[in-house]
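Please read them with the coordinates open.

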Amino acid sequence: MNGYFHLWLIPLLPFAGFLINGILGRRLPKWFATTVALLAPLAAFGVVLAVAQPFFGIGKALSSQPWVETCPQAWINAAALHIDFSFVLDQLSLVMLLVVTGVGFLIHVYSVGYMHDDEGYARYFSYLNLFLFFMTVLVLAGNALVMFVGWEGVGLASYLLIGFWYQKKSAADAGKKAFIVNRIGDFGFLIGMFLLLANFGTLTFSEIATKLGQDPGWTGGVVTVIALCLLLGATGKSAQLPLYIWLPDAMEGPTPVSALIHAATMVTAGVYMIARNHVLFDHSPFALSIVAIVGAATALFAATIGLVQNDIKRVLAYSTISQLGYMFLACGVAAYSAGIFHLLTHAFFKALLFLAAGSVIHGMGGEQDLRKMGGLWKKLPVTFAVTTVGVLAIAGFFPFAGFFSKDAILYAAFLQGPNGRILWVVGVVTALLTSFYMFRLWYLAFLGTSRSPEIHPHESPWSMRGPLVILALLSICGGWIGMERFGGFLAPSVGVRAAEGGSPHLELILSGIAVGVALLGWLLAHLFYREKSTVPSTLATALPSGYKLLANKYYVDQIYGVTIVKPLFAVSRIFLGWVVDVGILGGIAWLLGGIAMLSGAILQRWQSGNLRSYAAWLALGATALLLFLLVPWSTVLASLSVLHFGLAGH
Amino acid sequence: MNSLFSQEVPLSWYLLLSAALFSLGVLGFLIKRNLITVFMSIELMLNGVNLSFVTFAHQWHAVKGQIFVFFVMMVAAAEAAVGLAIIIAIFRARATLAVDRIDLMKL
């Protein structure tokens, strides 16, 4: 499969863009920075398309074998530990690469318009290219350690981009929060890797799969522990319970960043990681069920918070968490290809919704509060049209993309026996809530009359509208490939688990129910928000505790603050600060300094500062030496003793 | 007279003169307070040593001693140049040359 194109080109092209814009960006003319920033992901996308050919049987024979590229020099080679720097392209990483570079390129184009007047224009694009570099490394990784490099790298890029407007304290804080919360997840990933090394002696995904396959005795026990550690890593990166708290705050970053990193690509890395390690999870039913529970709980939990958010980006942020929960739910019922399918369609419609929200914010001059919008459909017709597509897609209406993927997940959950039914019910309720809060956003922002007449919104430039239209088309057609064909395509990577008891008839009924609840959600939103309705406020006053609970996001941030952050701060201040730093470290430093000063105070007495006394001592010393050397002491002593004995004799 | 002058001056006389010069130097160094006098005393000590070098060189017919004298003179010249420069700098800064009062390094 050797051609002109190599896998390492895919990460390297954005990296070159990062270097050029990162080092020279400020001195380069703007058009040049733009060209570099756009060419890098476009070229990477081109390379992905080129290397994808064998998988589709275009130009060459159809092949389902993974394409492996390994650096000839071992990366780490110490005793029994041997780790290569290797890239693997298979169906799974190919889908991810297409999303990352394709959607990534569209968002780069959009950013040209969105960030046009920003001072850090080149810096912004260098970070964005850096993100693409690490994300492609993560996706292409052939073993867990290479994946970890990309994993940490995207975390870094995310941190840099959330805190892009670092002059704003809230943005800088949000960046730190994201980074720290992700570290907790990374801890799980690291422990998982150590356990993998200890038990399998390798981190290469394919070798682990082979070893697991050879010995059917590998079930439960250590495999469960490894899988749960990896799951902890995934919950950090993919913003699942209990580590989801960083994602809503990450909305402090520029909106295209929210679209690319915090909706379409980076946050899906956890789902990808689980799918990549699916063999491990398949060998541990317990870990799998935990994945499903985490996913379902997160989906429902985040959706309820999303109901009452007033910031347009935060609604979308909670919606992202909720949709990621669906993907985890899919993985948890071993329907990995359904999860990846939802990842794909979600990348389209969520990127679309975020970019449309960015267009609204751009047009409103920075206003993000839904309560101050309204009636925008006349002013922003293109944005309105594409948002409508996005809302219909995420709510799961036929024939939009979200319908197919969400349906596949719910269907797979339903077939998992009695527990699966519970998951299915949770999924359906979430679908209802999703539909409701998305139409709520739609009504509040675009319909009715403007609630801020002093703002005169304007439609965004074509560099922003273009990507919106393309993403809207993808959000419509993205699901038409169908779960059957998509699952078949992915089967060599993630396997197929034959669901029992399924039938086209059942699937049709379930789809009907899903669309039914989506319609119900729309209807409710219509009743609540179509005209100036008193229903929402009446409901809020009728259920004050419930409303407050949701509006304050279940007080999770506060609970974490009291139970984790405060005690940690206290331990840091009292134990680390006073005992260790001031007491032990400071004490040792003072002790050393004290000894030096004391000995100096004693020794300085020797130094009179009187030149002549020094000279006198010198002369005395010289005289003493001379006396010692020149006087024949043995003779003197002998004569003295003679004298002594002579005296004694008499 | 003739016999007196035809006889060589004994070695010990040279050495005594050398020791006397050196001792004078030491004494001056220890007693005098003026930095320049102290400095001159050092020269005196060096020359006392030089004399004994030359004496022994003559006595043992070894040229090494005389060569050493040149070295000492050269070092003395260099030392005089540096030392005088320091003395001038000190005088400019402190307006005194009394060695007892130049003890800034002491706490």
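1. Helix 15 of chain A crosses helix 21 of chain A in a right-handed sense. In this predicted model, the axes of helix 15 and helix 21 (residues 483-494) of chain A lie 9 Å apart, at an angle of about 115°. On the helix 15 side of chain A, the contact is made by A:Tyr336, A:Ser337, A:Ala338, A:Ile340 and A:Phe341. Helix 21 of chain A contributes A:Met483, A:Phe486, A:Gly487, A:Leu490 and A:Val494. Sorted by class, the contact between helix 15 and helix 21 of chain A has eight nonpolar residues, two polar and no charged ones.

2. The largest nonpolar core has 211 residues. The residues with the most contacts inside this core are A:Phe131, A:Leu329, A:Ala351 and A:Leu352. Which helix supplies the largest share of this core? Helix 15 (residues 336-363) of chain A does, with 18 residues. A second, separate core has five residues, among them B:Val26, B:Phe29, B:Phe39 and B:Val99. As background, nonpolar side chains in soluble globular proteins tend to be buried together.

3. Setting aside residues up to four places away in sequence, A:Leu352 touches A:Val386, A:Gly390, A:Leu468, A:Leu471, A:Ala472 and A:Ser475.

4. Next, the overall form of chain A. Chain A holds 27 helices and four strands. The radius of gyration of chain A is 34 Å, whereas the globule rule gives 26 Å for 650 residues; chain A is therefore more spread out than a compact globule. The C-alpha trace of chain A spans about 140 × 65 × 55 Å along its principal axes. Of the 650 residues of chain A, 48% count as buried. Among contacts in chain A with a separation of 6 or more, 81% are between residues 24 or more positions apart.

5. Chain B has four helices and zero strands, in the order α-α-α-α along the sequence. The principal-axis spans of the C-alpha trace of chain B are about 60 × 25 × 25 Å. Buried residues make up 10% of the 107 residues in chain B. Of the contacts in chain B with a separation of 6 or more, 48% join residues 24 or more positions apart.

6. How many residues of chain A are in contact with chain B? Nine residues of chain A are in contact with nine residues of chain B. On the chain A side, these divide into four nonpolar, four polar and one charged.

7. A:Pro256 sits in helix 10 (residues 255-264) of chain A. A:Pro256 counts as buried because 27 C-beta neighbours lie inside 10 Å, the cut-off being 20 or more. Beyond its neighbours within four places in sequence, A:Pro256 is in contact with A:Ile107, A:Tyr110, A:Ser111, A:Tyr114, A:Leu355 and A:Gly358.

8. In chain B, B:Phe22 belongs to helix 2 (residues 11-31). B:Phe22 is partly exposed, having 18 other C-beta atoms within 10 Å. Not counting residues up to four places away in sequence, B:Phe22 touches B:Met45, B:Gly48 and B:Val49. B:Phe22 and B:His58 are 36 residues apart in sequence and 20 Å apart in space, C-alpha to C-alpha.

9. Some backbone geometry deserves a check. Most peptide bonds are trans, and most residues other than glycine have a negative phi. The peptide bond from A:Leu241 to A:Pro242 is cis, with omega near 0°, and A:Pro242 lies in the loop between helix 8 (221-237) and helix 9 (246-249) of chain A. The bond from A:Phe398 to A:Pro399 is also cis, with omega near 0°; A:Pro399 lies in the loop between helix 17 (381-395) and helix 18 (401-414) of chain A.

10. Two positive phi values remain to be listed. A:Ala239, in the loop between helix 8 and helix 9 of chain A, has a phi of about 55°. With 30 C-beta neighbours inside 10 Å, A:Ala239 counts as buried. A:Tyr555 has a phi near 60° and is placed in the loop between helix 24 (544-551) and helix 25 (556-603) of chain A. Is A:Tyr555 buried or exposed? A:Tyr555 counts as exposed, with 12 C-beta neighbours inside 10 Å.

Definitions and conventions. Residues are numbered from 1 along each chain as its sequence is written. Chains are lettered from A and ligands numbered from 1 in the order in which they are written. This is a predicted model: local features need pLDDT of at least 70, side-chain atom pairs count only at pLDDT 80 or more; totals for chains, interfaces and linings use all residues. The radius of gyration is taken over C-alpha atoms; the globule rule is 2.2 Å times the number of residues to the power 0.38. Two residues are in contact if their C-beta atoms, placed from the backbone, lie within 7 Å. Ala, Val, Leu, Ile, Met, Phe, Trp, Tyr, Cys and Pro count as nonpolar, Asp, Glu, Lys and Arg as charged, and the others, Gly among them, as polar. A nonpolar core is a set of buried Ala, Val, Leu, Ile, Met, Phe, Trp, Tyr and Cys residues joined through C-beta atoms within 7 Å. Axes are lines fitted to C-alpha atoms, for helices over the stretch in contact, and angles run from 0 to 180 degrees between N-to-C directions. A crossing is left-handed if the near helix is turned anticlockwise from the far one by less than a right angle, and right-handed if clockwise.
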